[in-house]
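Dear colleague,

Please find below the structure that I am handing over to you. My notes on it follow directly after.

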Amino acid sequence: MDENHPDGFLRHPREPIGKRDPGERIGDYREIYAPRWREDHLRQQGERCMDCGVPTCMGGCPIGNLIPEWNDLVVRGRWREALARLHATNNFPEFTGYTCPAPCEPACTLAYNADAVAIKSLERAIVDRGWEMGWIRPEPPARRTGKRVAIVGSGPAGLACTQQLNRAGHWVTVFERDEALGGLMTLGIPDFKFAKHQVERRLDQLRGEGIEFRTGVEIGPAMSLAQLRESFDAVCLAIGAQQHRDVMVPGRELGGIHFGMPYLTDENRHQAGRGAPAIDAYGKRVVVLGGGDTGADCVATAHRQGALDVAQISVREQPPTNRPADNPWPWQPRIYEQTYALEEGGQALFALNVTAFVDDDGDGAVDAIVTERVKWTLDAQGRRKDKTVLEEDIRIPADLVLIAIGFQGAQAQVLVDPGLTLADNGTLITDETMMTELDGVFASGDARRGASLVVWAIGEGRDVARHIDIYLMGTSHLPPSLQTLTPPTDG
């Protein structure tokens, strides 16, 4: 690092790029983040990086982003080089810069006893600058190998795999079952959290690099996996993990109870001008089951649709405000932090277990949920094992219930191929090269590892591209991501 800022962390407080005022942003679907940042502000934040001998922030990043390097380049005003460092490990840094929970930040050395470097803000600022300056352009390969690869799914894993394989010179065709490309980046994450023009401009870049996209094609019903294997030299299944976890209690069949992801998808389609929402929270008492990101997005969407009130229920106890002793640095802290959605309003309720959905007036629609207050006994892995009921029959009024308690694997049944096998958690089983039991058919992203972060999906896409390249060519010049501990160098 430049000798002019070794003490930047002492001179500058942590000041990440802020969000718009909750009272303002709740009235629209524009991004919740401050629309503009100052260069001098970001350079100061970059100065806070200590250039550690062992950069633990990189260890906290699933794709091994070169964080100290691009922090230093921002400080020096060398933004284009900083962008190159970003792209060296991450095909779509705006996907992570805007939506990632940033596990790199609690792993930052400063986080041991102070405030971490604002890594996510710096990442976002670099890629913002890249688009503003026109530095991000199509980079088609200089030569083609003649090999053809089919990618099934256009989420972050599928798109990262696509771009890497295309740059290795292979012809790549992406098949997407929905009418829009981008997977949950487009149809799952709300516009106010990640504007869809950010996906579209990346898709334009990929098209300019020679990639073919085919929407509205579901592999299985529309085109068999066997047909794909006959037409392409390799296939990658990046179909996500959208088998919903359910709450199977009395009254589950009542109207007004929906899964959270279809609710978000429905509103995203509405915002894109593709019809009125089928699920509308306007004037309703909304209860969201699930305390994760999907649940928060449901809360925020209900606010914008004009819900009468919103409650978000978590089955777990409220985390402490300070890091517990069994959760030391540099692990992700298990502490309570108010979500952007609850900043905008609503009530967060913890340690409530749903026991029934109730129809009070006999019209076939939910009017309330019945819960019990519980205390859980956890196993060594932190999973719920036994419960003690502290209070029974707690009723919460509800006209609309949104179930957002996670996912349990890939929707692989439609692929109808006996050669594909699923693990107990619903993911596609692969070998160490990320290939399924079908020769030349690989799997990547949530479909292979289970529902996870966007950053993991991008890393999975980059790694499976490397494996496919080796499968096709016997060797590969594509770089591995950090998650490939012992990357293969040849076939």
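Leaving aside its neighbours within four places in sequence, which residues is Lys 193 in contact with? In this predicted model, the residues that Lys 193 touches are Tyr 33, Tyr 98, Asp 293, Asp 297 and Tyr 340. Lys 193 itself is located in a loop, the one between helix 11 (184-187) and helix 12 (197-208). Because its relative accessibility is 11%, Lys 193 counts as buried; the cut-off for that class is under 20%.

I turn next to the helices. Helix 3 spans residues 39-47, and its buried residues are His 41, Leu 42, Gln 45, Gly 46 and Glu 47. These buried residues pack against helix 1 (8-11), helix 5 (67-75), helix 6 (79-89) and helix 9 (119-132).

Two helix pairs that involve helix 9 may be of interest. The axes of helix 3 and helix 9 come within 10 Å and cross at roughly 135 degrees. Helix 3 is therefore oblique to helix 9, and the crossing of the two is left-handed. On the side of helix 3, the residues that meet helix 9 are Glu 39, Leu 42, Gln 45 and Gly 46; their counterparts in helix 9 are Ser 121, Leu 122, Ala 125 and Arg 129. Sorted by class, this contact of helix 3 with helix 9 comprises three nonpolar, three polar and two charged residues.

For helix 5 and helix 9, the axes come within 11 Å and cross at roughly 65 degrees. This crossing is likewise described as left-handed. Helix 5 contributes Ile 67, Trp 70, Asn 71 and Val 74 to the contact, while helix 9 contributes Ile 119, Leu 122, Glu 123 and Ile 126. Here the contact residues of helix 5 with helix 9 divide into six nonpolar, one polar and one charged.

Strand 10 (residues 368-378) is joined to strand 11 by 10 bridges in the antiparallel sense. As one point of reference in this pairing, Trp 376 has Lys 387 of strand 11 as its bridge partner.

With kind regards

Methods
Residues are numbered from 1 along each chain as its sequence is written. This is a predicted model: local features need pLDDT of at least 70, side-chain atom pairs count only at pLDDT 80 or more; totals for chains, interfaces and linings use all residues. Side-chain values use heavy atoms; hydrogens and water are left out. Buried means under 20% relative accessible area, exposed over 50%, partly exposed in between (1.4 Å probe, protein chains only). Helices (H or I, at least four residues) and strands (E, at least two) are DSSP runs, numbered from the N terminus. Contact means heavy atoms within 4.5 Å. Two strands pair if DSSP finds at least two bridges between them. Axes are lines fitted to C-alpha atoms, for helices over the stretch in contact, and angles run from 0 to 180 degrees between N-to-C directions. A crossing is left-handed if the near helix is turned anticlockwise from the far one by less than a right angle, and right-handed if clockwise. Ala, Val, Leu, Ile, Met, Phe, Trp, Tyr, Cys and Pro count as nonpolar, Asp, Glu, Lys and Arg as charged, and the others, Gly among them, as polar. Angles under 35 degrees count as roughly parallel, over 145 as roughly antiparallel, 65 to 115 as roughly perpendicular and the rest as oblique.
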